[in-house]
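Hello,

Here is the structure you were waiting for. My notes follow below it.

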Amino acid sequence: MSEIIERVKCLIIGSGPAGYTAAIYAARANMFPVLYQGTQPGGQLTTTNEVENFPGYPDGITGPEMMIELQKQAERFGTDVRDGWVTKVDFSGETHKVWVNETKEIHCDTVIISTGASAKYLGLESEQKYLKLGGGVSACAVCDGFFYRNQEVVIVGAGDSACEEAHYLSKLCKKVTMLVRRDEFRASQIMQTRVKNTANIEILYNTETDEVLGDGQVVTGVRAKNKATGELIEIPATGFFVAIGHKPNTDIFKDYLKLDKTGYIINVPGTAKTNVEGVFVSGDAADHVYRQAVTAAGTGCMAALDAERYLAAKDSTFEVNSSTYN
Ligand code: NDP
């Protein structure tokens, strides 16, 4: 059963750089945005340590600090930022319906989806077992690295995330072993060079995780397999970090929105529009290419402007606020 139905002009789902930027623009355009933060308030950046590449921060800023500032900026213009998780939507009619925490029903003139993406895991039974036990498997070095100070850890992955996390861990841990499944990295040159030049990071190429080893409660090591020779080795470790990419958080939209084969929402090229009028997308939920905080923020701005123009076209009493274009 739903609680009392609420009507909102602009509902923003998600609280990463895309959601908050959409909120700043929508609030300044008198769209009275309501933003639901989701299960990870602040989004993926809250699990990032130093953000050095967001323009305007010459000395860098930590991810969590940046998200607090973005939230404050959105609230300054009147965004209603709420705790809550959108669990269901119905985009079949003219009014877009959204349910929060399974109960509260909201009717929206416009919806901006900024739900981002979540970390992927290998799917090994042993990995999932120790993940659920909280016994040494993690997809976030910045969140959990602290627990492995002066210990030995293994990290799997070869992209920028894996390099960033391996480098972060190398400053805390005695030794970091990186498992790279091919004979080369996917990461950018600068990130690769950083890990290759770090004395306590050992890189094992052509190597896959065969099993996460443990004593039933906590991780004690990793059995890895060399793909070329078939050789199995056991690496002692108390922590196993997974950094192999992300999955877009779009499952609840799949009955209404066009998604690509990985689940990313397909937007109308050059816009934040989806295949449903009045529903817009921003950030990593639609971006498998760039996936940066700054690009997410840019598409958040686009989504708010597209939503504003949509409302103005539908309702002549709603004026496009020219200040948003300054
Ligand atoms: P990516 O998709 O770029 O890389 C995933 C990595 O994981 C690849 O090397 C892939 O191997 C490996 N992998 C995938 N599945 C498995 C598996 N089952 N077993 C072992 N290895 C596996 O994801 P990232 O999260 O690293 O990066 C996402 C985006 O974010 C990128 O565009 C990246 O540039 C960006 N980014 C930028 C940062 C920065 O600039 N500071 C920091 C972090 C991310 P393979 O190469 O063989 O496919």
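Which residues are closest to the ligand? They are Asp160, Ser161, Arg181, Arg182 and Arg186, and 19 residues surround the ligand in total. A residue counts as near if one of its heavy atoms lies within 4 Å.

This is a predicted model: local features need pLDDT of at least 70, side-chain atom pairs need 80 or more, and totals for chains, interfaces and linings use all residues. Residues are numbered from 1 along each chain as its sequence is written, and side-chain values use heavy atoms, without hydrogens and water.

The ligand first. Polar contacts here are pairs of N or O atoms within 3.5 Å. A ligand oxygen is 2.6 Å from a side-chain N or O atom of Ser161. For Arg182, a polar side-chain atom lies 2.7 Å from a ligand oxygen. Gly159 brings a polar backbone atom, 3.3 Å from an oxygen of the ligand. The protein buries 77% of the 910 Å² that the ligand exposes when taken alone (Shrake-Rupley method, 1.4 Å probe).

Helix α5 (residues 160–172) gives the most to the shell, with 3 residues. Helices are DSSP runs of H or I, at least four residues; strands are runs of E, at least two. Domain 1 (5–118 + 246–325) and domain 2 (121–242) both contribute to the shell, so the ligand lies between them. The domain bounds come from an automatic or database assignment.

Now a sheet. Three strands form an open sheet in the order β14-β15-β16, with antiparallel pairing. Pairing takes at least two DSSP bridges between strands. β15 (residues 219–226) and β16 are joined by 5 bridges. Gly221 has Pro236 in β16 as its bridge partner.

Best wishes

Technical notes:
A polar contact is a pair of N or O atoms within 3.5 Å; within protein, one must be able to donate a hydrogen and the other to accept it, and residues adjacent in sequence count only if both atoms are side-chain atoms.
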